[in-house]
Amino acid sequence: MALLEIRHLFKFFGGLAANSDIVCSVESGMIMGLIGPNGSGKTTLFNCITGYYPPTKGEIIFKGQRINGLKPDRVCKLGMARTWQKVRPLAKLSVLENVMVGALARTGSLKVARRAALHQLELMRMENRANSLAGSLSIGERKKLEVARVLATQPELLLLDEVMGGLNPVESEEIIQLILDIKKRGLTQVVIEHDMKAIMRISDRVMVLNSGEKLAEGTPQQVVSNPDVVTAYLGSAHVA
Amino acid sequence: MRGARQVKTFGRIHLTASGFAALPLLIVAAVVAALFVFPWLVASPYLLHLMILLFLSVAMGESWNVIGGYCGQYSVGHAAYFGVGAYAALMLLQYKHIAPWWGVWVAIAAALIISLLIGTICFRLRGPYFVLASIAVAEIIRLVVLNWKQLTNGAEGILLVDIPPLMLGGRLVTDWLSKTPFYYLGLILALATLLVNYLVQHSKLGYYLQAIREDQDAAHSLGINLSFYKNVALAISALLTALSGVFYGLYIGFIDPASVLGVDLSVQMVLICIIGGIGTNFGPVVGALVLVPLSEALRANLLSKFLFSIGVVQETSRVGGFLKENLAHAHVLIYGILVVVVILFMPDGVLGFGKKLIARRARPLSATPTPLVGGLDGST
Amino acid sequence: MRVLLQSTASGILIGGVYALVGIGLTIIYGVMRVINFAHGELLMIGMYLTWIIFTSFGVDPFLSIAITIPAMFLFGAFLQRVLINRVLNALPQNQILLTIGLGLVLSNVVMLIYTSDYKIITTRYSSSTINLAGLPISTPLAISLLITTVITAILYFFLLKTDTGQAIRATAQDRDAAQLMGINVKRMSVLAFGIGTALAGTAGALVSPTYYIFPQVGGAFTLKAFVIVVLGGMGSVIGATLGGIIIGVTESLAAVYVSSGMKEVFVYVLFLLVLLFKPAGLLGRSRM
């Protein structure tokens, strides 16, 4: 049974179909790449799945349970976590405190949360920044902080929204290693990215969105050699 | 585990913005002890009165801090809880002869009901609605109290005749006939609100409230039930504010809609917090230490007298006469100016300003760069 | 039945003035996303300005609007440049506090200068009535509704047909996009606050023949203005127009059928009900 199943999902904003008949299945342990031009509905899909807004039509099945209309906090408690395209650090709190907020989703004890948070920071090799204000971090550090924070909520499914956006090649490489590490830890991931090389390296399967519709799905090789996909990406082609 | 002892709060200045500058416990204990001994050493009723006003301001500020400072939901209608508390306790005492230590429970219940009402209506919405609704509810209550003359005596207010003596185990604790019992009651109230603030801050609740304040959507996605936690914060705040209202009514002995339900009072509560430093444990204390002497100085015309004595203004001049007559009533004007000045130049209050100075001196803790792939330090 | 018709009519008349106040507030919010808690005090300043012109120069309050409008506009532009502009990027809570502080300063400065004594403007026609379909309608209120309609029409024309007006609406819809299109959004903010202030001041001038004038009169208007804006949908000028009328009628009926002291309570309770059931406003959408 798939960990996450999306059945004929539609999301309308007034007359605009931001997501149109999306069908998709994410198996446990895999990394699903989600690509598409800007405005194709990727983040909207994330928002619908995580309960930020309810889908207009269709079903979202997570771990066999229909989660349409559940609020984001319930979705997180069920084991699905997401990061944000535009990073959202809790600016006036320290790095450690940020991650603790995540850890507190699973415990009521500050002591336990602190230990869990430090553990996540160590895995990110960020423990030396533990007492810095989150608002003082560079963009690369903020992205890592956000990942550490959601990992502290102990999710089974992790949705990463352009987590490499705005990073230099060194930072991006770090994130790629991180994603592969996370896969080794047994988590399932759906990764939105524009960096084609990265997507090719990390994804088991790739889904392509265009203008709200699903354009293609398959292995990275299949998708990249799909003529429709190439057409949609005309002008930004770079195949590894 | 490496790094497990890194976060120490005892005996070190905590550089994070949870705001709690952890003073050595000894200083705090010494101050509290001194405060407890104060009435034995000082006989002046006026000084005792000032201290009581100080304690009341601290209590009001700390109460508002829970919902406004930690949770980031600015209520500008907290007078609702204050006034409801005062009226509940005093009406029960004056008309039904129910002692205030029973009446206070009714006051608390009333405040909680109102807070739940506002919370249920507003906390599921985004945007400025909570601020507006808080003002509206306070006004509704003020107008109802003002117009329901049979119940509340309307604009004439309630003048307390006397408070029954407090007996414990057959022995007289106090007959409320001097300022001293109110001093101790006020001190306990202020300390209680400080304690509640501290407990909230160092608990899961505190972390969640601050997360909500910093970024609601991020907090939501981290498993935080926004409505629930906002309501909890408001309930705690309402409860403490109602206690302050009861205390005020008992001490001053007279309440009317203008003094306990007006918007001036609501603004004052916010001001106490933002002057000191919003979202910090001791911010309201600093704010109270600024505002109470300032109000008193204005009221007693000390400011005018000072200006005359140093020769800046002639007492007999037009400006002098104007100052003498009006500065005493100008405290609301000063509040307004203070709000504008603080927001424009010191939005984090005195404590926040101080913290920035400290942070600028100390360097960030990372001496060793994070080892990255490729050996380059990515955090330029 | 007559009583019902008459109080409804009065409600519509005063509602027109409320609409002016609400439109000013909604324009400020729409363009700058600032919640202006000093709006009622701006109205109060308009009242005092009118009173000063009336007592010093004997100019009729409805005629002195020709002076009040530009004067208040300039005052609003001044306030925006000096104060409001500094908090455009601050937390919304801080913006609110700033305008609350501003309101306190305005009302208390006026109190210092003119004391809290009630002032009134009595003209020849202050208590006269005209006959409309058999109902006596207060003359000053009728004139003010006329003027309000004219001003509102001019405003609609300005917003819909002129370049500057459309630039304001564009800025309200999407500030960043407007800026990218070459619109000077800073100037739009100054304009918006100036217009909002002018409308509030004008409303003050219009009600000055019928209301007591005192420094704290602004407070109730501010809250009512917000109720109107929320009722009509924040940022919607049409909504504010409708909202003003609805609030005016509600208040008028409450004053007649319950009590004059409690009439505002009904307005505020209506506000809470709107938040409970239709928080996006009766028209459902924020747009200009």
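In chain A, the axes of helix 3 (residues 95–103) and helix 5 (residues 139–151) come within 7 Å and cross at roughly 35 degrees. Axes here are lines fitted to C-alpha atoms, for helices over the stretch in contact, and angles run from 0 to 180 degrees between N-to-C directions. Helices (H or I, at least four residues) and strands (E, at least two) are DSSP runs, numbered from the N terminus.

This is a predicted model, in which local features need pLDDT of at least 70 and side-chain atom pairs count only at pLDDT 80 or more, while totals for chains, interfaces and linings use all residues. Residues are numbered from 1 along each chain as its sequence is written, and chains are lettered from A and ligands numbered from 1 in the order in which they are written.

**Helices 3 and 5 of chain A**

- Helix 3 of chain A passes helix 5 of chain A in a right-handed crossing. A crossing is left-handed if the near helix is turned anticlockwise from the far one by less than a right angle, and right-handed if clockwise.
- Helix 3 of chain A brings Val95(A), Asn98(A), Val99(A), Val101(A) and Gly102(A) to the contact, and helix 5 of chain A brings Leu145(A), Ala148(A), Arg149(A) and Val150(A). Two residues are in contact if their C-beta atoms, placed from the backbone, lie within 7 Å.
- By class, this contact of helix 3 with helix 5 of chain A has six nonpolar, two polar and one charged residues. Ala, Val, Leu, Ile, Met, Phe, Trp, Tyr, Cys and Pro count as nonpolar, Asp, Glu, Lys and Arg as charged, and the others, Gly among them, as polar.
- Ala148(A) also lies 9.5 Å from Glu122(A), C-alpha to C-alpha, with the two 26 residues apart in sequence.
- Glu122(A) is found in helix 4 (residues 110–123) of chain A. Glu122(A) has 17 other C-beta atoms within 10 Å, so Glu122(A) is partly exposed (20 or more would be buried, 12 or fewer exposed, with C-beta atoms placed from the backbone).

**Domains of chain A**

- Chain A is divided into domain 1 (1–79 + 158–240) and domain 2 (90–154), with bounds that come from an automatic or database domain assignment.
- The centres of domain 1 and domain 2 of chain A, taken over C-alpha atoms, are separated by 25 Å.
- Nine residues of domain 1 of chain A are in contact with seven residues of domain 2 of chain A.
- On the side of domain 1 of chain A that touches domain 2 of chain A, helix 2 (72–78) and helix 6 (169–184) each supply at least two residues, and helix 6 of chain A gives the most, with three residues.

**How the chains meet**

- Of the two pairs of chains in contact, chains A and B share the most contacts.
- No contact joins chain A and chain C, and their closest C-alpha atoms lie 12 Å apart.
- Between chains C and B, 34 residues of chain C are in contact with 35 residues of chain B. Helix 4 of chain C gives the most to the chain C side, with 14 residues.
- That side of chain C divides into 25 nonpolar, seven polar and two charged residues.

**Helix 5 of chain B against helix 9 of chain C**

- Helix 5 (residues 129–147) of chain B and helix 9 of chain C pack at an angle of about 130 degrees, with their axes 11 Å apart.
- These two helices are therefore oblique to each other (angles under 35 degrees count as roughly parallel, over 145 as roughly antiparallel, 65 to 115 as roughly perpendicular and the rest as oblique).
- Leu132(B), Ile135(B), Ala136(B) and Glu139(B) meet Leu223(C), Phe226(C) and Val230(C).
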